[in-house]
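Me: I am new to this structure and would like to learn how to read it. Could we begin with the overall picture and then turn to one strand?

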Amino acid sequence: MRKNFGAKSMCYPMPVYIIGTYGADGTPNAMNAAWGGISEDTEISICISADHKTTENILLRKAFTVSMATAKYIAACDYVGIVSGSKVPDKFARAGFHASKSEFVDAPLIDELPMALECALISYEPESCRLVGRIVNVSADESVLGENGKVDVNKLQPITFDPMNNHYLVLGEKVGQAFHDGVALK
């Protein structure tokens, strides 16, 4: 028997993205966002309301980065989600984050978070809160690469958000091989 919860914003896994932007004065800002995902081959869509400092910065600079939140920096990643950049202008520094300017877009890479999408603004719809960015580059620190030169999820330790219990969970255990395991059922 199933239990019905009604219409809710619940999906598993729900990523934990840290959106990085620069303000008008060049101050880096970061925000925690969980409602988003890849919407086309080189496109990401994220739900972010118009009243965020991050939204203001994105509309001004036409760029942003999307870092994968990690288990190692869980407190800092949570902090940038519960504190407003409009009220605490130095929340990026208070989180313990350090910025390096992206080579590809006018937005900061967060040095502590080893994987990021570097994005140019495609569109923003304030009514639906839908932010769409073109992925210009994906960068990853060598510390999270495996022997094959690709991101090793066990080294990255990205976290997801459990919206039903308000928990952060780490990803990592391999349970199968994509585009392979289902062949047995053909």
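Reply: Let us start with overall size. The radius of gyration is taken over C-alpha atoms, and the globule rule is 2.2 Å times the number of residues to the power 0.38. With 186 residues, a compact globule would have a radius of gyration near 16 Å, and the protein chain, at 17 Å, agrees with this. Its C-alpha atoms fill a box of roughly 55 × 45 × 30 Å along the principal axes. Please keep in mind that this is a predicted model, in which local features need pLDDT of at least 70 and side-chain atom pairs count only at pLDDT 80 or more, while totals for chains, interfaces and linings use all residues. Residues are numbered from 1 along each chain as its sequence is written, and side-chain values use heavy atoms, with hydrogens and water left out.

Me: How many helices and strands are there in the protein chain?

Reply: Helices (H or I, at least four residues) and strands (E, at least two) are DSSP runs, numbered from the N terminus. By that reading the protein chain has four helices and twelve strands.

Me: What share of the residues of the protein chain count as buried?

Reply: A residue is buried under 20% relative accessible area, exposed over 50%, and partly exposed in between, with a 1.4 Å probe and protein chains only. Here 40% of the 186 residues count as buried.

Me: Which residues of strand β11 are buried, and on which side?

Reply: In a regular strand the side chains alternate between the two faces of the sheet. Strand β11 covers residues 159-162, and both of its faces are covered, with Ile159 and Phe161 buried on one side and Thr160 and Asp162 buried on the other.

Me: Which strands are joined to β11 by bridges?

Reply: Two strands pair if DSSP finds at least two bridges between them. Strand β1 (residues 14-15) is antiparallel to β11 and joined to it by two bridges, with Pro15 standing opposite Thr160. Strand β12 (residues 167-170) also runs antiparallel to β11, through four bridges, and there Phe161 stands opposite Tyr168. β11 and β12 form a hairpin with four residues between them, and Asn166 in the turn has a positive phi of about 55°.

Me: Why does Thr160 count as buried?

Reply: Thr160 counts as buried because its relative accessibility is 7%. Contact means heavy atoms within 4.5 Å. Leaving aside neighbours within four places in sequence, Thr160 is in contact with Pro13, Met14, Val16, His167, Tyr168, Leu169 and Leu171.
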